[in-house]
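This report describes selected local features of a predicted model.

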Amino acid sequence: MKTNPRPSVWLVAAFSVGLLASHSALAEDAWRTTSSLIGDSKYGEDFKHYDYVNPDAPKGGVLHSTVIGTFDSFNPYIVRGSPAAGFASFGGGLLYDTLMEQATDEPSTSHPLVAEAYKHPDDFSSATYRLNPAARWHDGQPVTADDVVWSFDALKKNSQLYNRYYANVTEAVALSPTEVEFRFDQKGNRELPQIIGDLVVLPKHWWEGKDASGKQRDISQPTLEPPLGSGPYRIKSFKPGAEIVWDRVPDYWGAKVPVKIGRENFNQRRYVYFQDENAAWQAFTKGGFSDFRPENRSQRWATGYDFPAFKAGDVVKAEFETKSGEPMQGFVLNTRRPQFQDRRVREALTQAFDFESMNRKLFYDFYTRTDSYFEGGELASSGIPQGKELEILEAYRDKLPPDLFTKEFKLPVYNTAQATRENLRQAFTLLKEAGYENRDGKLVNAKTGAPFRIEFLGDDPTDERVTGPFMDNLRRLGIDATLRIVDPTQYVNRVNAFDYDVITAVMMQSQSPGNEQRDFWSSHSADAQGSRNYSGIKDPVVDALVDRVVFAKDREELVAATHALDRVLLWNYYVVPQWHLPEIWVAYWNKFGHPDKQPEYIGVDIDSWWIDPEKEAALAAKYRSVN
């Protein structure tokens with residue numbers, strides 16, 4: 001995780017989708033195509049293509065991209081190994097297709113891909129998916145129900161993400177060559193029938209076969225043998241750890257499926273690896289390595305675009321609004337560590353974070369403070385609990401902080417010298433209440449004399465810029481605060497193993513939260529390596545509230561349960577919230593054509609862009625390094 005997230009604007013949507021389909025015109029057991037978990041899709045059941053795409057967009061050219069780190073595997077569905085760019089640990093990436101595809105321009109909506117329709121009984125105890133008979137693997141063989149069943153079983157066994165996401169799906173059964181029934185161990189989980197559509201489909205016959213040397217393939221192990229896929233691209237060439245090139249499949253079976261029309265227009269996608277962000281930035285400024293760059297550093301956005309190509313108009317900056325809500329980005333306190341297990345300590349650390357000075361001095365006042373895990377919509381808690389939310393929380397009153405019921409959650413504001421002194425004084429008071437005292441300028445445990453130490457873990461030298469001011473305030477409290485920078489591969493491995501005191505994490509949410517909340521907050525996920533329960537939360541109240549979200553009977557109940565969950569997470573101070581940018585920044589070499597309109601939900605869909613041959617030729621003539 002980066003200190004500032006690199007917006008994945010080229011992805012279709014966030015990992016999680018949500019709850020509560022409103023199929024008012026359909027019987028519960030009727031076949032349906034497009035499905036929405038918040039009302040009805042604007043396209044209805046007659047979806048032809050996204051309304052923002054150019055359905056006649058030309059195909060051709062190369063999209064160059066840079067990646068930080070390395071890779072040593074083409075299997076993204078296991079913990080071992082570092083998958084190459086173009087693969088996705090959840091979803092199909094460039095190589096594979098999913099049963100349904102999450103919409104780019106509407107929240108919690110899915111459209112057909114490998115599956116052409118699905119249905120479920122009115123008690124939500126199962127879901128049946130009907131496959132598109134045209135779906136094909138790149139070797140020409142049809143995608144079958146057996147592939148779907150095998151994929152479900154393999155992913156449940158080997159992928160921790162899928163195992164938790166489909167925790168309540170007991171089995172997948174092939175009813176015919178083109179129909180699969182997924183059976184659940186519970187009723188009333190209203191989102192479960194739809195999120196089955198997020199299942200990636202893998203080729204059973206390929207994975208159960210042998211490689212060129214006669215060795216049996218194994219889905220549970222890393223591999224650098226290019227796998228067989230069904231998606232829009234396949235691997236053309238690669239240099240382990242350094243480069244991977246993907247070719248567009250000219251006879252891709254899904255090219256005329258509505259979600260694909262006018263999209264995936266680049267004939268080739270080339271990813272080159274760099275060891276650090278500064279090298280990748282320098283490569284972008286010179287051209288030929290990176291054509292399209294999501295920007296997430298305010299200083300660079302404000303002052304860094306002064307290189308010759310930008311001044312000449314050959315590199316363009318653009319800002320896009322998004323309505324998908326904002327992620328919780330913050331310093332995650334690992335409660336698996338003993339120094340963070342007292343809630344008062346976590347509150348004290350939150351009290352010591354001075355956002356206002358950083359925003360003014362470092363970020364050019366671009367950012368807004370994040371104060372909810374569900375920022376930017378009706379799901380964010382506010383004020384004091386009332387109505388249905390209060391009714392939910394009352395059941396756990398004796399296990400919650402009393403202030404949660406009587407005070408609005410507010411983060412400290414550092415807008416004057418007096419406020420700074422008062423905030424730090426309050427932080428020290430909380431630390432004293434938790435059993436710490438200052439001895440000769442050092443904060444120590446009053447009983448044992450052990451010093452209070454915090455090590456922040458980062459993966460880029462620039463992390464010092466945003467971590468340093470926070471550490472300065474912590475040192476004023478007597479805390480021994482340090483920053484350790486490791487290489488990206490080691491960073492990922494340590495995060496997966498929860499081997500850190502504090503990291504910066506970005507926790508994306510959807511407008512309709514559901515089963516994925518278990519991966520973020522549940523006691524079960526706290527000990528599951530690779531989960532997104534970065535704080536190590538093990539709280540029966542949080543577990544119960546997650547279930548209230550998952551089993552909400554309608555939108556009103558979902559919103560109330562999410563408010564309650566949000567409020568309990570905030571008042572337990574598991575994360576020191578940082579900031580968000582209410583728009584997406586991108587910079588690109590002026591070689592593209594693109595639709596005038598972009599999807600408001602995700603902000604930018606790079607797959608709807610295309611290479612303009614005349615623009616590319618002009619750049620090639622001017623900058624020899626541009627291919």
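## An open antiparallel sheet

Strand E12 pairs with strand E23, which spans residues 583-589, in the antiparallel sense over 4 bridges. Within this part of the predicted model, Trp585 of E23 is the bridge partner of Glu295. Helix H5, residues 277-286, packs on the sheet and touches E12, E13 and E23. The direction of H5 makes about 135° with that of E12.

The sheet itself is open and consists of 3 strands in the order E12-E23-E13, with antiparallel pairing. Its edge strands are E12 (292-295) and E13 (315-321), each of which pairs on one side only. On average, neighbouring strands of this sheet are turned by 25° against each other, with direction ignored.

## Strand E2 and its parallel partner

A parallel pairing is found between E2 and E11, which are joined by 7 bridges. In this pairing, Val62 stands opposite Gln268 of E11. Strand E2 covers residues 62-68 and is mostly covered, with 5 of its 7 residues buried.

## Packing of helices H8 and H12

Two packed helices are described by the angle between their axes and the distance between the axes. For helix H8 (residues 343-351) and helix H12 (residues 417-433), the angle is about 165° and the axes are 8 Å apart. H8 is therefore roughly antiparallel to H12, since angles over 145 degrees count as such.

On the H8 side, the contact is made by Arg344, Val345, Glu347, Ala348 and Gln351. H12 contributes Asn423, Gln426, Ala427, Leu430, Leu431 and Glu433. The crossing in which H8 passes H12 is left-handed.

Helix H17 comprises residues 540-550, and its buried residues are Val541, Val542, Leu545, Val546, Val549 and Val550. The cover over these buried residues includes helix H10 (387-394), helix H15 (517-521) and helix H18 (555-571). An α-helix has 3.6 residues a turn, so residues three or four places apart point the same way.

The N-terminal end of H17 is capped by Asp539. A side-chain oxygen of Asp539 lies 2.8 Å from the backbone nitrogen of Val541.

## A buried aspartate in a loop

Asp460 is located in the loop between strand E18 (453-458) and helix H13 (463-476). Its relative accessibility is 3%, so Asp460 counts as buried, the cut-off being under 20%.

Two polar partners can be named for the side chain of Asp460. A polar contact of 2.7 Å joins it to the side chain of Thr462. A polar atom of the Asp460 side chain also lies 3.5 Å from the backbone nitrogen of Glu277.

Glu264 has a phi near 55°, which is a positive value in a residue other than glycine. Glu264 belongs to the loop between strand E10 (243-248) and strand E11 (268-274). With 10% relative accessibility, Glu264 counts as buried.

Tyr364, likewise not a glycine, has a positive phi of about 60°. The loop that holds Tyr364 runs between helix H9 (355-361) and strand E15 (368-369). Is Tyr364 buried, partly exposed or exposed? Because its relative accessibility is 38%, Tyr364 counts as partly exposed.

Key. Residues numbered from 1 in each chain as written. Predicted model: local features only at pLDDT ≥ 70, side-chain atom pairs only at ≥ 80, totals over all residues. Heavy atoms only, no water. Buried < 20%, exposed > 50% of the residue type's maximum accessible area, 1.4 Å probe, protein only. Helix = DSSP H or I, 4+ residues; strand = E, 2+ residues; numbered from the N terminus. Contact = heavy atoms within 4.5 Å. Polar contact = N/O pair within 3.5 Å; in protein donor to acceptor, adjacent residues only side chain to side chain. Pairing = 2+ DSSP bridges. Axes fitted to C-alpha atoms, helices over the stretch in contact; angles between N-to-C directions. Parallel < 35°, antiparallel > 145°, perpendicular 65-115°, else oblique. Left-handed = near helix turned anticlockwise from the far one by under 90°.
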